[in-house]
Every structure is written in structure tokens, then in C-alpha cells.
Amino acid sequence: ILICQNLWLIVILALQVNLSSPTFASVFHTFGALIAIVAFALFYAKFVMPAALFCASTSVELMLVLSLAWCFFICVTAILPFVALPMELAALVAGIALATFPYSSEFNSKIKYIRDFFFTLFFAGIGMMLPWPTWGSLGAGIAMCVVLLPVRWIGVFAPLMVLGCDQRYASLATINLSQLGEAALVITSLGVAHGHVDVGTLQVVMMAFAFLSIITPSMIKNSFYLYKTGAKLVAKWREGAGGEDATLQDGGQASRNVDGEGGDIMLLGFHKVAYMLVSEFLAKTPELLKTIHVIDYNKKVIDKLAAAGIRCTAGDITDPDQLESSQKSPPRIVISTIPDAMLQGTTNEQLVRIARAVFPSARVIATAADPHQAKVLYKAGADYVVRMAKLSAERLHDLLSEHGQSRIERSKLKELFEQYRTRDSLNGSSKIFGSGLFL
């Protein structure tokens, strides 16, 4: 999404120079110069700058100075009379070319303070251009926010759905991109400089930018809750409208059970650990697969599980009603295998409490990242808490103890490692998902 936005930004900045008196010759010249400077920047970045940066690699400060000098070099080239491109456009092209350097991540960590300094100067300069705000400009800014937020769903959500993106991811991306970008301020300020718009328009855009900067951090923080609330509202609306499917298939109230009888083992979410657990079952005890019931929002995973005959439900693992209605008989064991760092809108502690409330007789297994979190989960009602670091240490201890107790020779030690490698490489779940779904 951001790449597409940057491409459109390049096009708009290139066209903005000729908006006052557009002609075919001027537009052709602008885009010809743009293509030339992009090709020159990428060629220079690929064949010249790496050699210069390699020679300066012993000093990070020297590499930083060279990179900044490169950016200014592209900007100065762009404003030559026979090129006549905006410096803002040249800076964007230089940044894109700079991102191809092998040291780009290190540059970002070094220049972020300078970048923030120039951002501050940019906003201060725009602020000095604006007159004292009036009630009219404040109202227009609010009206712009009211219009912008729904339009985002047309410009972000709709294309993502057309391209086959999951409904949940498309919704979260739209919510997270609800703010007004700095590019809008750049374009509007350039429009004022070229006489395309007046200062009042820039003031309205600035007000909308300020309002959304205050609103959107809370929206991003609670994006998953907003998505679930919206999904439920849409589901109720579709049910009232008499739609065939009263639920949202990818989230909210979505539910599709392959086998209504339920399973003894309920997996809340399906990610790496659950993937490997299914792998172990397929490789060693395939008869136990019929006891598993997976609940997850990812329709692609659910479809593959259903095709393999594994009991599954597409739904929200944080919704007690969905968990209760997902199978006729309560499970004996409920497992949450996804760590909190990967969960969105919930935690293992909340899942343990929900499982305890919905299935009081079931045994609950959760996942923790550290001993403190494990204690919290045990207090919340977990019967057992899985810690990846502890399990890895136990596995290494078994391997080293076997070596130490039997004093294995070097030749036999290699065989021991090969046995462990063969055991770890058993991946029965690839029969269902193919290779590389999660790992």
C-alpha cells in the first residue's frame, strides 16, 4: 500500500509543476526528466555508491556524510535549468535509491535524529505560513476528517479486497492508514507556492492533519477492537437485511464447522506451534487428529484444514458465544499456542479466563514468554503453561545428557546428532499445507 502511495506521490509531484499551464510538451519533458533522473540514481546507487561506501565502511560517520551528500547531489541535479524537477521529488527519488544500499538499515538508525530535526523545521515553516485559525477553518478541518475517514475504506479496503486480501487484514490496514500523511502537506504547500491553491486551503489541510494526528493513535491501538465491533455491526445489518450469510466469514461472527460433534482437544488459533503439533500427530499418531478442533480467523488455513478432514471453525477465539456454539460437547483440553507477541486484540491471560468461563470442566494449556507471565497464567486458571525457552533448554539437556552419560565417541556422536535432526525434520503437516506456510 505504501509503495503504491509513493508511486502516486512521484506522479503528482511531477505533474504539479505544469498544472498552471499544462501542455503536452511540458508534461513529456517533466516525465522524461523524471525517468532519466530515476535511472541515473539507481545506476549510481548500484555501481558507484557501493564502492565508495565500502571504502568508507570503517567509519560509520563517514558513510553517513556520504549518504547525505548523495541525497543533496540528486536534489541539486534535479533543480538544474534543463532538468527543472521539484527538489521534493528529487529527495524522494534519492531516498528510494538510498534504500537499495546494503547499509540502509544502519543509515536509518543514524539519520533519524537529523530527519526529525528537518521534520520539525518543515512543520514550523508551514505553521509560519498560516494565519490565525478561525472557526470556519476549524469547522472545515473537522469536515475534511469526517469525509476522509470513510473515503479511506474506498481507497484502501476496497482495492485490497479486490486483490484477494483477507477481510481482517484489509480492515486493520485501513484503520492503521486512517491518518492524513505528511505528503498531503507537501503537495498543498507546493500548491500554495505555485499559486494553485490559497493559504486557506493549506490551513484546512493542516487542521485536518492535526485532528487526525490526535485521533488515529487511539484508533491504531484499538484497531482489533474496532474491527470486531464493525464486523458484528455488519453481521447484524446483513441478518436484518435477510442476507443468505448473516455472518462475516473472516472475522467477527464468522463460523464454519466441519464436524459439529466437536473434539476433545480445542486449539485456539493456528500458528507455528499448532502447525508443528499437527505435524507431530500426522507423523507419529495420525489417529489423534480426529480429536482436534481448530478455531482460527484465517480462512485460508481453515480451508486447508477442512480439506484434510481436520475439524475446524472459522471464528473469533475471544468470543465466548462462538466458542460455546462451535461444538456440541465441551472439549476436555483447550490449548492456546500463540504467544502474546503474535496475538492481536487479546492475550493468553484473557484466553485462559474465557476458556475457564465457557468450559469450566476443561483443562487449559497456555503459552508464556517468561516465568512471570507463567505465574500470571497459573493464577488466571491455566492447568499448564508452555514456555518455549524452557522446552528448548530441556531438549538440549536431553541431548547433552545422553552424550555425557554414555561418553559417546566422536564418530557415534555424529550419528546421535543425525538422529535428532531426523526426528526434528519430520513434518507431516506439509502433506496438508505444503512447505513454508509458517516456517
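Predicted model: local features only at pLDDT ≥ 70, side-chain atom pairs only at ≥ 80, totals over all residues.
**Exercise 1. How are α7 and α8 oriented to each other, and which residues make the contact?**

Solution. Start with the geometry: helix α7 (residues 135-162) and helix α8 (residues 167-176) pack at an angle of about 155 degrees, and their axes lie 9 Å apart. Angles over 145 degrees count as roughly antiparallel, so α7 is roughly antiparallel to α8. Next, check the hand: the two helices cross in a right-handed way. Then list who touches whom. From α7 come Arg152, Trp153, Val156, Phe157, Leu160 and Met161, while α8 brings Gln167, Ala170, Ser171, Ala173, Thr174 and Ile175. Sorted by class, that contact has eight nonpolar, three polar and one charged residues.

**Exercise 2. Now take α4 and α5: what is their orientation, and what classes of residue make up the contact?**

Solution. Here the axes come within 8 Å and cross at roughly 140 degrees. Roughly antiparallel needs an angle over 145 degrees, and α4 and α5 are therefore oblique to each other. The crossing is right-handed. On the α4 side, look for Ser67, Trp70, Cys71, Ile74, Cys75 and Ala78; they meet Met87, Ala90, Ala91, Ala94, Ala97 and Leu98 of α5. The tally for this contact is 11 nonpolar, one polar and no charged.

**Exercise 3. Find the largest nonpolar core: how many residues does it have, and which elements supply it?**

Solution. The count is 28 residues, and those with the most contacts inside the core are Leu34, Ile37, Ala41, Trp70, Ile74, Leu85 and Leu89. At least two core residues come from each of α1 (2-16), α2 (24-47), α3 (49-55), α4, α5 and α9 (182-194). Zoom in on Ile37: leaving out residues up to four places away in sequence, Ile37 touches Ile74, Ala78, Leu85 and Val93. There's also a second, separate core of 23 residues, with Val352, Phe359, Ala380 and Ala382 among them.

**Exercise 4. Two loop residues, Ala84 and Thr337: where does each sit, and how accessible is each?**

Solution. Ala84 first. You'll find Ala84 in the loop between α4 (60-78) and α5 (87-98). Its relative accessible area is 36%, so Ala84 is partly exposed. Check the backbone too: phi of Ala84 is near 55 degrees, a positive value in a residue other than glycine. For background, most residues other than glycine have a negative phi.

Thr337 is in the loop between β4 (333-335) and α15 (348-358). With 6% relative accessibility, Thr337 counts as buried. Beyond its neighbours within four places in sequence, Thr337 contacts Leu267, Leu268, Gly269, Val273, Ala274 and Thr367.

Terms used:
Residues numbered from 1 in each chain as written. Heavy atoms only, no water. Axes fitted to C-alpha atoms, helices over the stretch in contact; angles between N-to-C directions. Helix = DSSP H or I, 4+ residues; strand = E, 2+ residues; numbered from the N terminus. Parallel < 35°, antiparallel > 145°, perpendicular 65-115°, else oblique. Left-handed = near helix turned anticlockwise from the far one by under 90°. Contact = heavy atoms within 4.5 Å. Nonpolar A, V, L, I, M, F, W, Y, C, P; charged D, E, K, R; others polar. Buried < 20%, exposed > 50% of the residue type's maximum accessible area, 1.4 Å probe, protein only. Core = buried A, V, L, I, M, F, W, Y, C linked by side-chain atoms within 4.5 Å.
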